[in-house]
Amino acid sequence: MTRTDRHAWLLPSAMADTPADSPPGRRPRRTVRDWVVDTLLFLLAAFVGLLAAESTDQLNSDVVAFADQIVGAAACCALWLRRRWPVGLAVVLTVISTIAPVAGGAALAALFGVAVRRPFRETAILGGLAVASSTAQVFLRPDPSLHPAAAVVIGIVLTLLVTAWGMLVRSRRQLVEALRERARRAEAEAELRAEQAQRLAREDIAREMHDVLAHRLTLLSVHAGALEFRPDAPPAQIARAAGVIRDSAHEALQDLREIIGVLRTPGEEGGGDRPQPTLDTLDALVTECRQAGMKVVLDVCLDTLGDSAAVPAATGRTVYRIAQEGLTNARKHAPGAEVTVTVRGRPGDGLTVQVHNPAPAGPVPHVPGSGQGLIGLTERATLTGGRLDHGPAPDGGFALHAWLPWPS
């Protein structure tokens with residue numbers, strides 16, 4: 001989590017973000033809030049020390065009073081080191097405060113720093129030491145204005161209050177740090193989900209490109225191969241094949257431009273505006289294949305009050321892609337064979353799509369292909385909640401059968 005410099009001064013150095021270029025193990029620098037807190041603690045310890053000095057000066061000689069003042073000033077100045085050596089400084093100041101009451105305020109401030117930064121076990125040990133020190137101080141350096149019992153109670157209560165206050169601050173910091181860590185994990189998980197969504201989008205685009213372009217490029221390959229092996233064909237047939245090649249290349253470019261358009265940012269121009277294929281465009285696909293010389297039989301029977309427009313757009317697009325891939329495979333592996341495309345369905349029962357072609361009558365020329373289209377179609381059908389099967393047919397041909405959900 002990043003935090004602006006405008007708000008960094010409001011946090012203690014233990015909670016402020018450490019710069020990424022700082023060496024490991026280095027103590028964080030004091031923030032403005034740290035300087036304010038340290039200054040207030042210094043002034044408070046000095047004020048408590050002055051009160052203690054006034055109450056004990058009447059029982060001490062000038063030399064002892066002067067020594068107390070020197071010790072009290074040194075104890076207050078030592079508080080500026082409490083962030084570097086919190087435990088050691090607290091032990092030293094607690095022991096000194098036993099014989100020098102003017103260091104009592106500094107000892108409490110050091111105990112507060114330990115309660116804020118160290119675990120409960122160390123805080124409890126130092127708290128017990130502070131109670132013992134304040135109790136011993138009552139008998140070694142008594143305050144004439146207080147009863148010994150009252151002085152002991154006041155020392156215990158102050159120690160407990162300071163310790164409890166420090167532990168409260170520590171628990172609050174731990175809570176804030178836990179919330180920050182949870183926010184960091186949430187941000188990391190959001191980034192992972194975004195990366196996964198981008199990866200899935202790329203896979204969808206790659207699958208769409210294969211499904212769309214394989215059909216067009218297969219037409220190009222078949223007719224280019226016919227021109228290569230039949231250079232003596234009639235001019236009309238050559239012109240027809242050249243026209244199919246030109247139209248297929250144009251359609252392939254249009255489809256590629258449409259698919260790549262989804263990769264553009266929203267502000268860019270050139271996005272694809274061609275309508276997506278649906279079940280209604282299945283007739284145009286079959287007509288195109290027939291014009292290319294294929295024998296295709298299309299049989300669509302939908303038990304619904306409406307027409308094919310009643311089929312959900314996503315389901316109709318999947319039917320189109322399945323039929324397109326089946327026709328493409330038949331054109332590559334069984335040229336000249338009659339292909340039957342059957343579509344059946346009703347709302348609530350789902351849609352079934354079957355593409356069947358018999359075995360080829362003669363040798364089949366090699367056409368490049370890796371079978372990735374069928375894998376992509378299986379994934380597409382599975383994502384829509386359906387299933388797809390393909391394999392050799394009983395008559396020696398090839399059959400592709402798919403079922404897709406059609407909600408009622």
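**View 1. Helix H9 beside helix H10.** The axes of H9 and H10 (residues 313-333) come within 10 Å and cross at roughly 10°; axes here are lines fitted to C-alpha atoms, for helices over the stretch in contact, with angles from 0 to 180 degrees between N-to-C directions. That makes H9 roughly parallel to H10 (angles under 35 degrees count as such). Leu282, Leu285 and Cys289 of H9 meet Tyr320, Ala323, Gln324, Leu327 and Arg331 of H10, with contact meaning heavy atoms within 4.5 Å. Sorted by type, the contact residues are six nonpolar, one polar and one charged. This is a predicted model, where local features need pLDDT of at least 70, side-chain atom pairs count only at pLDDT 80 or more, and totals for chains, interfaces and linings use all residues. Residues are numbered from 1 along each chain as its sequence is written, and side-chain values use heavy atoms, leaving out hydrogens and water.

**View 2. The buried side of H9.** Along H9 (residues 282-291), Leu282, Leu285, Val286, Glu288 and Cys289 are buried (under 20% relative accessible area, 1.4 Å probe, protein chains only). They sit on the same side of H9, because they cover an arc of only 160° around the axis, judged by the directions from the helix axis to the C-beta atoms. After H9 comes Gly293, with a positive phi near 105°.

**View 3. Cysteines without a partner.** The disulfide count is zero, taking a pair of cysteine sulfur atoms within 2.5 Å as the rule. For Cys76, the closest cysteine sulfur belongs to Cys77, 6.9 Å away and so too far for a bond. Cys76 is buried at 7% relative accessibility.

Key:
Buried means under 20% relative accessible area, exposed over 50%, partly exposed in between (1.4 Å probe, protein chains only). Helices (H or I, at least four residues) and strands (E, at least two) are DSSP runs, numbered from the N terminus. Angles under 35 degrees count as roughly parallel, over 145 as roughly antiparallel, 65 to 115 as roughly perpendicular and the rest as oblique. Ala, Val, Leu, Ile, Met, Phe, Trp, Tyr, Cys and Pro count as nonpolar, Asp, Glu, Lys and Arg as charged, and the others, Gly among them, as polar.
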